[in-house]
Amino acid sequence: MNRFLVGLDIGGSHTRGVLFRGDSPVREARSGSANVQNVSRERAAQSLREIFARLEPPPGTTVLAAPAVWTPRTTPLR
């Protein structure tokens, strides 16, 4: 089975996307930031549209997205 996956690294200055087939990268794309802490929702949406237009994932492809910066909780978990 050829299972596809899109991985997104959403950073403050740019967003990187990679289309995988199984364990192998098939295509890579970069665009402006899609982090709504740094850009407007409209700009973030446009960046994601550009990424997906370049990657051309098949319908039903799983997408995993992660911000580049993780902000830890300020209060400890109890």
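## A tour of the chain, from surface to salt bridges

The protein chain has an accessible surface of about 5800 Å², and 53% of that surface belongs to carbon and sulfur atoms. The model is predicted. Of the chain's 78 residues, 26% count as buried.

Start with the cartoon view. The chain has one helix and four strands, and from the N terminus on they run β-β-β-α-β.

Next, select V6, in strand β1 (residues 4–10). Is V6 buried or exposed? V6 has a relative accessible area of 0%, which is under 20%, so V6 counts as buried. Show its neighbours: leaving aside residues up to four places away in sequence, V6 touches V18, L19, F52, L55, P57, T61, T62, V63 and L64.

Now turn to the charged side chains. Side chains of opposite charge can pair when their charged atoms come close. The chain has three salt bridges.

- Select R16 and E28. Their closest N and O atoms are 2.7 Å apart. R16 sits in strand β2 (residues 14–21) and E28 in strand β3 (residues 24–32), twelve residues apart. R16 is partly exposed, at 35% relative accessibility.
- Select E56 and R27. Here the closest N and O atoms are 3.8 Å apart. E56 lies in the loop between α1 (41–55) and β4 (62–67), while R27 is in strand β3, 29 residues apart from E56. E56 counts as exposed at 53% relative accessibility, whereas R27 is partly exposed at 33%.
- Select E50 and R43. Their side chains form a salt bridge at 3.8 Å, N to O. E50 is partly exposed at 23%, and R43 is partly exposed at 33%.

Technical notes. Residues are numbered from 1 along each chain as its sequence is written. This is a predicted model: local features need pLDDT of at least 70, side-chain atom pairs count only at pLDDT 80 or more; totals for chains, interfaces and linings use all residues. Side-chain values use heavy atoms; hydrogens and water are left out. Helices (H or I, at least four residues) and strands (E, at least two) are DSSP runs, numbered from the N terminus. Buried means under 20% relative accessible area, exposed over 50%, partly exposed in between (1.4 Å probe, protein chains only). Contact means heavy atoms within 4.5 Å. Accessible areas come from the Shrake-Rupley method with a 1.4 Å probe; for residues, only the protein chains shown count as cover. A salt bridge is a side-chain nitrogen of Lys or Arg within 4 Å of a carboxyl oxygen of Asp or Glu.
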